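Here is a short briefing to read beside the picture. Take a look at the structure first, then follow the points below.

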Amino acid sequence: MGQKKNPNAQALGSLGGKARAQRLSEAEVAKIASKGGKARATKLSAAELSRIAKLAVAARERQRKGKN
């Protein structure tokens with residue numbers, strides 16, 4: 001199996017990422033986040049994608065009904 005990641009290195013990387021995000025515009029952050037979502041979607045099976053999509057539809061429906 002793979003090696004465990006160094007938690008100290010992970011914490012430093014997270015701080016660097018947060019500092020970078022503060023310097024970017026909202027559009028640039030959204031563009032970067034979109035790349036992560038697309039990469040995640042390519043790794044998921046069709047059944048898993050369908051399950052996640054159904055959960056999202058249900059959440060949007062609950063939110064819509066709650067606001068009326």
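A residue is called buried when its relative accessible area is under 20%, exposed when that area is over 50%, and partly exposed in between (1.4 Å probe, protein chains only). By that scale E61 is partly exposed, as its relative accessible area is 32%. You are looking at a predicted model, in which local features need pLDDT of at least 70, side-chain atom pairs count only at pLDDT 80 or more, and totals for chains, interfaces and linings use all residues. Residues are numbered from 1 along each chain as its sequence is written, and side-chain values use heavy atoms, with hydrogens and water left out.

**The chain as a whole**

- Read from the N terminus on, the order of elements is α-α-α.
- The radius of gyration of the chain is 17 Å, whereas a compact globule of 68 residues would have one near 11 Å. This radius is taken over C-alpha atoms, and the globule rule is 2.2 Å times the number of residues to the power 0.38.
- Along its principal axes, the C-alpha trace spans about 45 × 35 × 20 Å.
- What share of the 68 residues in the chain is buried? Buried residues make up 0% of them.
- The accessible surface of the chain is about 6,400 Å², and carbon and sulfur atoms account for 58% of that surface. Such areas come from the Shrake-Rupley method with a 1.4 Å probe, and for residues only the protein chains shown count as cover.

- The predictor's confidence in each residue is its pLDDT, from 0 to 100. The chain has a mean pLDDT of 89, and 96% of its residues reach 70 or more.
- Confidence is lowest in helix 1, with a mean of 88, and highest in helix 3, at 93.
- Where pLDDT is low, the predicted coordinates should not be read in detail.

- Helix 1 covers residues 7-23, and its 17 residues should span 24 Å at 1.5 Å a residue; the end C-alpha atoms are 25 Å apart, which agrees. The expected span is 1.5 Å times one less than the number of residues.
- G17 sits in helix 1 and is partly exposed, with a relative accessible area of 39%. Its C-alpha atom is 17 Å from that of N6, eleven residues away along the chain.
- Helix 2 (residues 26-43) has 18 residues that should span 26 Å, and its end C-alpha atoms are 26 Å apart, in agreement.
- Zero of the 18 residues of helix 2 are buried, so helix 2 lies largely in the open.

**Helix 3 and its salt bridges**

- A46 belongs to helix 3 and counts as exposed at 64% relative accessibility.
- How many salt bridges does a search of the whole structure find? The search finds two, where a salt bridge is a side-chain nitrogen of Lys or Arg within 4 Å of a carboxyl oxygen of Asp or Glu.
- One of them joins the side chains of R51 and E48 at 2.8 Å, N to O. Both residues lie in helix 3 (residues 46-67), three residues apart, about one turn of the helix.
- R51 is partly exposed at 43% relative accessibility, and E48 is partly exposed at 29%.
- R64 and E61 also meet in a salt bridge through their side chains, at 2.5 Å, N to O. R64 and E61 both lie in helix 3, three residues apart, and R64 is partly exposed at 46%.
- Why can such pairs form? Side chains of opposite charge can pair when their charged atoms come close.

Technical notes. Helix = DSSP H or I, 4+ residues; strand = E, 2+ residues; numbered from the N terminus.
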